[in-house]
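Subject: Structure for you to look at

Hi there,

Here is the structure I promised to pass on. Could you open it beside this email while you read?

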Amino acid sequence: MEDIDKNGDGFVEVDEYLGDMYSPEKGEPEPSWVKTERQQFLDHRDLNKDGKMDREEVGHWILPPDYDHAEVESKHLLVHSDVDKDEKITKQEILDNWNMFVGSQATNYGEDLTKEHDEL
């Protein structure tokens with residue numbers, strides 16, 4: 001919150017929200033993705049429609065209550081490692097994609113791969 005709330009009023013206005021992602025060049029037209037992000041702010045980030053995000057709204061933005069990070073990360077690992085698309089990951093598939101697994105929070109950054117697992 002402190003990084004984005006540039007004016008220190010305890011809220012994140014749309015310009016502060018966009019300013020965290022985009023710094024316009026003088027005379028440059030606004031890219032379409034910025035317009036899309038502005039609409040995202042208005043439609044989905046500003047939950048109480050007061051034109052700014054308070055701490056609770058920022059919390060919903062950063063950690064959405066209906067978003068399961070572990071499930072999303074594990075599905076990501078499965079999709080990108082299951083080469084034969086049998087919905088199972090073999091030891092070889094893990095080894096072939098070791099860099100993705102050791103960089104993943106789902107495997108405790110690779111630490112969990114050193115433990116014995118019957119599934120493998």
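Below is what I found in it, going from the whole chain down to single residues.

First, please keep in mind that this is a predicted model.

The overall picture
The protein chain contains 6 helices and 2 strands, and along the sequence they follow the pattern β-α-α-β-α-α-α-α. Of its 120 residues, 21% are buried. The chain exposes about 8900 Å², and carbon and sulfur atoms supply 52% of that area. I also looked at contacts between residues at least 6 apart in sequence: 33% of them join residues at least 24 apart.

The annotated stretch
An unreviewed UniProt entry carries the annotation "domain: EF-hand" for residues 1-27. In the model, residues 1-27 are 22% helix and 7% strand, with 30 Å between the end C-alpha atoms.

The core
Which residues form the largest nonpolar core? There are 10 of them: Ile4, Val12, Val14, Tyr17, Leu18, Tyr22, Val34, Phe41, Met53 and Val58. Helices α1 (14-19) and α2 each supply at least two residues of this core, and α1 gives the most, with 3 residues.

Leaving out residues up to four places away in sequence, Met53 touches Met1, Gly10, Phe11, Val12, Tyr17, Phe41, Arg45, Asp46, Val58 and Trp61. Val12, Tyr17, Phe41 and Val58 in that list are core residues as well.

Asp46 lies in the loop between α2 (32-45) and β2 (52-53). What is the nearest side chain of opposite charge to Asp46? That is Lys49, 6.0 Å away. Asp46 is buried but has no salt bridge; a salt bridge would need a side-chain nitrogen of Lys or Arg within 4 Å of a carboxyl oxygen. Setting aside neighbours within four places in sequence, Asp46 is in contact with Phe41, Gly51, Lys52, Met53 and Glu57. Among these, Phe41 and Met53 also belong to the nonpolar core.

A residue on the outside
Ala70 sits in helix α4 (residues 69-81). Is Ala70 buried or exposed? Ala70 counts as exposed because its relative accessibility is 51%, and the cut-off for exposed is over 50%. Ala70 and Ser104 are 34 residues apart in sequence, while their C-alpha atoms are 10.0 Å apart in space.

Best wishes

How values were computed: Residues numbered from 1 in each chain as written. Predicted model: local features only at pLDDT ≥ 70, side-chain atom pairs only at ≥ 80, totals over all residues. Heavy atoms only, no water. Helix = DSSP H or I, 4+ residues; strand = E, 2+ residues; numbered from the N terminus. Buried < 20%, exposed > 50% of the residue type's maximum accessible area, 1.4 Å probe, protein only. Lys, Arg positive; Asp, Glu negative; His and termini not counted. Contact = heavy atoms within 4.5 Å. UniProt positions renumbered as here; feature names shortened; annotations may be inferred. Areas by Shrake-Rupley, 256 points an atom, 1.4 Å probe, with all protein chains shown as cover. Core = buried A, V, L, I, M, F, W, Y, C linked by side-chain atoms within 4.5 Å.
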